[in-house]
Amino acid sequence: MVPLLKDDSWSLFCAHAFKRLSSVPPDLQAVAQRVAKECQGLPLALKVIGGAMCGKVNRKYEWEPLLKKVCMARMEGRNVEEQLYERLRVGYNLLSEDDCRLKECFHYFAAFPEDSIIIFQEIVFHWTAEKLVSVDDGDDPEADTFSLLKRLWERSFIESNGEFDSDRMYMLNFKVHDVMRDLALYVLEKDSGTPPAKELYFYRAGRALVYQTQYGNYMS
């Protein structure tokens, strides 16, 4: 992963945190620049952390605590890979502020082999089976799945084959960057026992992918 130059890093960060460079509030300029600098020019870190801060405008209670957490990724003893995962984990931890289900939803993408293309209907199947989306009377599991996927996409945790449009949700398919997939596995290993770690056998070379759901096993 080739680091971006300083100006390009700042522009990319602002595109995700403030939608555009000209929208940076003056009182957040300095702290936001320090956060962007701590991302070390890494595009994924800039997108994930920038997206996590989109809409947050309080310097003292939102931006400064975030800066401190990002700086902690450089703790002595961590290698370069661990520092990257810890930076990305700052954005991951903020997912629950948006919806408490988003962390678990992101975990599911780690169950697929690298470079897998995952269709919308397949995600609906698994998330419904695991009750991440509701199937109660009057609820629409497909609309709920679409909403959760859109939030993960907006935060740069997953990639899609097109812009999100509810009229074409059935045409969407998804994949996860190999670094983000490794982040999910890293988090699950650090937080042993975090759902759905107890419910999924994660893919490894030479072994089939097996989902354990309330409806039985599902292989791909």
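Glu 64 is partly exposed, with a relative accessible area of 33%; this class lies between buried (under 20%) and exposed (over 50%), using a 1.4 Å probe and protein chains only. Arg 59 is also partly exposed, at 38%. The two side chains form a salt bridge at 2.4 Å, N to O. A salt bridge here is a side-chain nitrogen of Lys or Arg within 4 Å of a carboxyl oxygen of Asp or Glu. The count by this rule is 9.

The model is predicted: local features need pLDDT of at least 70, side-chain atom pairs need 80 or more, and totals for chains, interfaces and linings use all residues. Residues are numbered from 1 along each chain as its sequence is written, and side-chain values use heavy atoms, without hydrogens and water.

Glu 38 and Arg 74 form another salt bridge (2.7 Å, N to O). Glu 38 lies in helix H2 and Arg 74 in the loop between H4 and H5, so the pair ties together parts 36 residues apart in sequence. Helices are DSSP runs (H or I, at least four residues), numbered from the N terminus. Glu 38 is buried, at 11%. Arg 74 is partly exposed, at 40%.

Arg 101 pairs with Asp 144 at 2.7 Å, N to O. Arg 101 sits in the loop between H6 and H7, and Asp 144 in H9, 43 residues apart.

Definitions and conventions: Helices (H or I, at least four residues) and strands (E, at least two) are DSSP runs, numbered from the N terminus.
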